[in-house]
Amino acid sequence: MQIREHAEATPDKPAVILYPSGTVVTFGEMEARANRLAHYFRVAGLVEGDSVAILMENNEHFHTVMWAARRAGLYYVPINTHLAPAEAAYIIDNCAAKAVIGSAALRKTLEDLESELPHGLPAVRMIADDDLDGWLRYPECVADQPDTPIADEIEGDLLQYSSGTTGRPKGIKRELPHVHPSEAPGMMSALVGFWMDPNGVYLSPAPLYHTAPSVWSMTMQAAGIPVVVMEKFDAEGCLEAIARHQVTHGQFVPVMFTRMLKLPQSVRDSYDLSSLTRVMHAAAPCPVEIKKQMIDWWGPIVDEYYASSEAIGSTLITAEEWLTHPGSVGKSMLAAIHILDEDGNEVPAGQAGEIYFEGGFDFEYLNDAEKTAGARSAQGWKTVGDIGYLDEDGYLYLTDRRHHMIISGGVNIYPQEAENMLVTHPKVMDAAVFGIPDDEMGQSVKGVVQTVDAADATDEFAEELLAWLREHLTHYKCPRSISFEAQLPRTDTGKLYKQSLIDKYSS
């Protein structure tokens, strides 16, 4: 995966366009910047297999750092910008980072890192566009380095940490390919050929510290496609970015769809979205009704894939296919899918179980052999703990995450179904359903809702919502009570941090 040929052929073409600021980094500029930083890594003693931690918001430097690390054979480790200093320090220490590159926006976190690191800060530490005692100011600190390639270019890789929704984040590490970057096609290079227009414009609305935004945006740049990066997602801003930059393609998560759909109709109708050709969504299950509404709005261009940071396998379904298999995440693109019960036995079509892929990329959870082993079946197939089933045609349907299951009165309940139904209510912005302790039933089903209008967060609406839900779902799947929160603890890719809600409503 390379951007060099585009830097040489179209040096003035934008590689990154930040929205809403409008800051542009061209392919020529990004190539030169990445080369200078790669040279500095070598001068500082970093070699193939070392790690570089990135603690930045979406800004003009993020892609440069990833490209520099990638061509220097390094693992680049994007860190969630919402983490507390102790949590960020855990990742830096766990991956044994030899360098950390931060930004002015994360200055407070950077200042507090050293006291949280058992072995101190990495020797190489840079802060972009700011001054901090003991840190080099980037990019000024590499200005004297050559803007030509390093002599020993070799392919590096992303070292992504899990979101940590069920415990401390785990590093997902793959063996480096040990080849020159020109010989190492990206995991998603084939995507450009059949899905993306080489002359298109790609929108990346999510934080780059997540797997899909970083991998997809770099894949687009490697194909010479400009990437519009939203500095922070905003529902109306997303529509404005599409219209302003004539975006043709983009990748979203379902919660973004929900937020855009909840905009007033007059706002939605005020933006020209006719440039859109195809969009993709993933990261979390999309309620069927929400996706139907998006297809009604944007047309049958809303495709979907299912995958994980572990890259053990993936599925794909086009909008056209989905309309004949609503709710499915598609058929496998690479590895065979197996659905296993709790005893490790394969189950028939239509029956839910844990999803395993046979094949796909191999990986390990860094410094956690037990968790690595737990992600493999007796046959060597791999899982990330998702639950689902296959239909007779081989289409996969997701039911929920293994650790989200509620056991009430001996009955297994997957809360995703109730959550998906709740967010289709016009007064509901977001919803979480989970189990809380119950002396009689073991667990009871609890619902927590974020309303579109704060004035609707009343006991009367809670009762109305429960009655409405019972009209649409079997009663045992429905919450026994509903409470309200001003904002649910959801990651930027749509995953719920349910544990804080469970703790709050279990006490």
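I began with Glu111, which is partly exposed at a relative accessible area of 38%. The model I'm looking at is a predicted one. Next I checked who Glu111 pairs with: it makes a salt bridge with Arg107, and the closest N and O atoms are 3.0 Å apart. Arg107 is partly exposed too, with a relative accessible area of 26%. Both residues sit in helix α5 (residues 107-113), and because they are four residues apart there, about one helical turn separates them.

Then I looked up a pair from two separate elements. Glu320 and Arg278 meet through their side chains in a salt bridge, 3.1 Å from N to O. Glu320 belongs to helix α12 (residues 319-324) and Arg278 to strand β14 (residues 278-281), so this pair ties together parts 42 residues apart in sequence. How accessible is Glu320? I found 40% relative accessibility, so Glu320 counts as partly exposed. Arg278 has a relative accessible area of 17%, and that makes it buried, because the cut-off for buried is under 20%.

I also wanted the total: the structure holds 25 salt bridges. One of them joins Glu153 to Arg4, with 2.7 Å between the closest N and O atoms. Glu153 is in the loop between β7 (136-138) and β8 (157-158), while Arg4 is in helix α1 (residues 4-9), so the two tie together parts that are 149 residues apart in sequence. Are Glu153 and Arg4 buried or exposed? I checked, and both are buried. Which residues join Arg4 and Glu153 in a network? Glu31 and Arg71 do, through salt bridges that share partners. A reminder to myself: side chains of opposite charge can pair when their charged atoms come close.

Last entry: a helix pair. Two packed helices are described by the angle and the distance between their axes. I picked helix α3 (residues 62-71) and helix α7 (residues 211-222), whose axes come within 11 Å and cross at roughly 80°. That makes α3 and α7 roughly perpendicular to each other, because angles of 65 to 115 degrees count that way. On the α3 side, the contact is made by His63, Met66, Trp67 and Arg70. From α7 come Ser214, Ser217, Met218, Gln221 and Ala222. I sorted the residues of this contact by type and got four nonpolar, four polar and one charged.

Key:
Residues numbered from 1 in each chain as written. Predicted model: local features only at pLDDT ≥ 70, side-chain atom pairs only at ≥ 80, totals over all residues. Heavy atoms only, no water. Salt bridge = Lys/Arg side-chain N within 4 Å of Asp/Glu carboxyl O. Buried < 20%, exposed > 50% of the residue type's maximum accessible area, 1.4 Å probe, protein only. Axes fitted to C-alpha atoms, helices over the stretch in contact; angles between N-to-C directions. Parallel < 35°, antiparallel > 145°, perpendicular 65-115°, else oblique. Contact = heavy atoms within 4.5 Å. Nonpolar A, V, L, I, M, F, W, Y, C, P; charged D, E, K, R; others polar.
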